[in-house]
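Please examine the sequence and the model shown here before reading the report.

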Amino acid sequence: MSDRIVLEAGTQHLQGEVRLAVTDAGTDDAGPYAAVRIGSFPATTDVRLRTGVPHQLPDGRMLHLAGVGPVGRRRPSVALEITAAP
Amino acid sequence: MNGSPGQVRAAATILTTAGEIGMTSSDAIDGLDVETWEGSAADGFRDRRQKLSAEVDHHGTDLMRAGLTLERYAGEMEACDTEIAAARTAVVQGWDAWRANPIDVTALTLIAKSMNDLSVAAHKREQFAIHAADQLYALIASDSTNLPGLTWPPAGWPPAPSLPTVPIPGGLDGTSPYDPLDVSQGSIGDCYLLASLMALMQTDEGDQLLRDNLRWDPDRGGYWVTLHVDGKEVVYFVDRAQQNGALENGDPGIVSIFENAVNQHLQFNDLNDGGWPADALELLTGKDTKVYEDRTLLGWDWDDIRDDVRDGDQLVAATREGKKEGMWPVEAQRPGPDGTMQTVNVDIVGSHAYTIVSVEKNGDVVLMNPWGRDNGADGGGPIRISEDDFTRIFHQIASTGDGK
Amino acid sequence: MDYADMSKTADAFRAVATDLGPARLSGLPKGAGSYGYAYLAGAVDQVVSAFNERHDAVVEGTKGVGTTIDSCRLAYQAADAIAEANLGKLLGRLFGVGPR
């Protein structure tokens, strides 16, 4: 079972007890990325998330970047998927 | 400048003409019947006819909307081009005056002001184009996913315009405390709207305005919300909130109701894709909004801005694009648990809108982030930053005041 | 049921489909040179393409209603013809007339 969320850059999302904010997104030399801030101030962790490289959330679940888009839009969005702890 | 208002108008005419054909055809379809035909096949025919008529009407209306969007943009282009031409002439006159008299300070001031006018008009022109494009995209956002740029979100994911909704409790117009500290933005990119709503909530006059524009209808189980479009009142009915949208104290509240009404007005993509606080304030208040810019060489009109704050007007500021992963690290001050001011390192979110709480005598600015309580950037609540940091990070302030 | 009425209505749907023809978008100015910015020019391109897909669908849908009415009319007429033939057979058996 996974949760799928689409976030506009500059917005936040409360995923259960875990707070996620997408602070930046786009494509650089290494491909699509999303800068995600996890947690509440001041106990936060910043991650530059890449497709295929999940990040483990504080509650053990895995955060994946599914994609960055839409191309050409004024503000990038990101598609994030959260899966159960491995 | 690139682009031709004439060509844009030509495109607009093609679209509106096609829209008129669509709307006329829809009426024609409505009038077609076989009166003597009855039974299940006849019922099926009439059902299909009704749906077809609605489809044709919807298509015609969208064509018309697209045409009117381009028509409006053509007018905006012309207005900006006039401003740009006037600013260019003024720059040339300024240089001529300065060359004739190199110690003429007024000539240098004229040059600086005109160059700033030029840059503001060019920026405004581009913003009008972006706004027009967003409105066009919004019209087709729920269409075929085969279109480039519209294959978003990835295949199999719920498209944004069909995001689920959740119920809103009744009677909030009377019971809500209208407290900006309770507000938190969700996953929707509408900081410009929420920061504006928070700006209204922090003054009695603003509270009253929101109350006046909101009415719970117990018979229909929803709220009537009045927005202001080009000087006219437009009323929307809201009985659901966007899931993952704005909340108050963790539940759908007043801001969720306004968010849903603006969603109906703008359509989801345009709501979600960022926007300008000035537009949101005008939509909410129906009043003209004054926009202050950090002008080249001249800076901000702090005296006017302070006057607006003192007069109880609502002010919302917009940040530049963030330098570090979309953020601006900054030293800020906020009340600690014992009530004394403490210095904390926070982040100001880039390409974001903040409610201005106050502008202090020493130039410090007190702000609130619509991300709200426990957010990851500053933890929520008012934060105070220096005038220098404000100028480095923010580029625009929208105010319901007049600077007097 | 008036079959002539059904024919007339089916034709009227086809006529509406023809009337809709000029609403297919063509000849709109293209490119940033016209609209000032590539972003907007791209949006216009996508809107034109999406609107024309919709246009083709509604035109086909409108013609389709005409075709459906025709199909219903033919089915009713065939049923009438069969009923008429069966009635003839029944009358023949009862009264001893008709083909043997």
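Predicted model: local features only at pLDDT ≥ 70, side-chain atom pairs only at ≥ 80, totals over all residues.

Residues are numbered from 1 along each chain as its sequence is written.

In chain B, three strands form an open sheet in the order S3-S4-S5, with antiparallel pairing; strands are DSSP runs (E) of at least two residues, helices (H or I) of at least four, and two strands pair if DSSP finds at least two bridges between them. Strands S3 (214-217) and S5 (232-238) of chain B are at the edges with a single partner strand each, so one side of each lacks a neighbour in the sheet. S3(B) and S4(B) (residues 222-229) are joined by four bridges, and Arg215(B) lies opposite Trp224(B) in S4(B).

| Item | Value |
|---|---|
| Residues in contact (heavy atoms within 4.5 Å), chain B and chain C | 56 residues of chain B, 43 residues of chain C |
| Buried area (accessible area, 1.4 Å probe, lost on being put together, summed over both), chain B and chain C | about 3900 Å², 72% on carbon and sulfur atoms |

Asp62(B) forms a salt bridge (Lys or Arg side-chain nitrogen within 4 Å of an Asp or Glu carboxyl oxygen) with Arg54(C), with the closest N and O atoms 2.9 Å apart.

Definitions and conventions:
Chains lettered and ligands numbered in written order. Heavy atoms only, no water. Buried area = accessible area lost by both parts, 1.4 Å probe.
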